[in-house]
Amino acid sequence: MKLHAWLARATAAHPDRDVAAIEIRHLAAHITGLSPTAQRIHNPELTAAQLQTLDALAARLHAGEPLAYLLGQQPFYGLELKVSRATLIPRSDSEILVERALSHLRDLSAPTVIDLGTGSGALALAIAAARPDAQITATDQSAEALAVAADNARAHCLSNLRFLQADWLAPFAAASADLIVSNPPYIAPDDPHLAALAFEPQMALVAADDGYRELFAIMTQAPRVLKGGGWLLMEHGWQQGATLRARADASGDWQHTATHRDYAGRERITEMQRRG
């Protein structure tokens, strides 16, 4: 079978033809080496092995599995990152967290940074690439996720970070960090949006107490670990910012609390500075 015939067949079988027109071509590029643009010009005969692999990938795509898992990679903040079913797929919504972190680190020399729940390492690696003088520790409860993050660090030749299997901030010394970033689980167990995220690791998505348990746990632990004037930045759901700001203001540990919107205009991260 020629490539164009396979593209037409696979696109017609997809439940969303508009999505298929793009994603099917990315699958073909992954297997044939022809970019989506080149595929419009060239129409090679597919080998039996290529056809078998493409059909298997297309079946998984039609069943709803995200393209990033099928390709095994996802771009984030200028880095091409390996991903697996053990990690969340990095999304552009989270890039504002990197931008805010770099803004707070701008005037610090050789800062110490902690990334909690690193997954594929997206936040930690983006900061490490932009600030080679920073010393970054990336943690996760999942050994599988940490292995993916470490592979990504090696692929991008980033040596200014380490990976640690840990439960949030338990292993860290007092006053040891200039900045903490985290994209923790924050979706409530009964949130209807979870259905669209069925292929991603639920432990990295779902939190008890209406999605606030891990956010609150980090806020409680962070003042001990941050240096005076250090910053905590957390990603959260678009309706959670007000509650986090109120809790920060009531605790007495924080100042300069603010929530920032992502590129789609939704409240996405809340930051707070440790007093003292």
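Buried here means under 20% relative accessible area, and that cut-off is what we need for the first close-up of this predicted model.

**View 1. Trp168, a buried residue with a positive phi.** At a relative accessible area of 10%, Trp168 falls under the 20% cut-off, so it counts as buried. You'll find Trp168 in the loop between β5 and β6 (177-182). Its phi comes out at about 50 degrees, a positive value even though Trp168 is not a glycine. For background, most residues other than glycine have a negative phi.

**View 2. Cys157, an exposed residue with a positive phi.** Go to the loop between α8 (143-155) and β5 (161-165) and you'll run into Cys157. Here phi is near 55 degrees, again positive in a residue that isn't glycine. Cys157 has 68% relative accessibility, and exposed means over 50%, so this one goes down as exposed.

**View 3. Ala56 on helix α4 (residues 48-62).** Ala56 has a relative accessible area of 42%, which puts it in the partly exposed class. Have a look at Leu27 too: 29 residues separate Leu27 and Ala56 in sequence, while their C-alpha atoms are 11 Å apart in space.

**View 4. The largest nonpolar core, with 28 residues.** Ile127, Ile136, Leu179 and Leu233 have the most contacts inside this core. Two or more residues each come from β2 (79-82), α6 (95-105), α7 (122-130), β4 (135-140), β6 and β7 (226-235). The largest share belongs to α7, which puts in 7 residues. Apart from this core lies another one, of 27 residues, including Leu88, Leu194, Phe216 and Met272.

**View 5. Ile127 and the residues in contact with it.** Which residues is Ile127 in contact with, once its neighbours within four places in sequence are left aside? They are Val98, Ala101, Leu102, Leu105, Val113, Ile136 and Val181. One of them, Ile136, is also listed with Ile127 among the residues with the most contacts inside the largest nonpolar core.

**View 6. The second largest pocket, with about 150 Å³ of space.** This pocket is lined by 13 residues, and the closest to its centre are Ile114, Thr137, Arg162, Phe172 and Ser176. Strands β3 (112-116), β4 and β5 each supply at least two residues of the lining.

Technical notes. Residues are numbered from 1 along each chain as its sequence is written. This is a predicted model: local features need pLDDT of at least 70, side-chain atom pairs count only at pLDDT 80 or more; totals for chains, interfaces and linings use all residues. Side-chain values use heavy atoms; hydrogens and water are left out. Helices (H or I, at least four residues) and strands (E, at least two) are DSSP runs, numbered from the N terminus. Buried means under 20% relative accessible area, exposed over 50%, partly exposed in between (1.4 Å probe, protein chains only). A nonpolar core is a set of buried Ala, Val, Leu, Ile, Met, Phe, Trp, Tyr and Cys residues joined through side-chain atoms within 4.5 Å. Contact means heavy atoms within 4.5 Å. On a 1 Å grid over the protein atoms alone, a cavity is a set of points where a 1.4 Å probe fits but cannot get out, and a pocket is an open set with protein on both sides within 12 Å along at least five of seven lines; lining residues have an atom within 4 Å of a point. Grid points are joined across faces, edges and corners, and a volume is the space filled by probe spheres set on the points.
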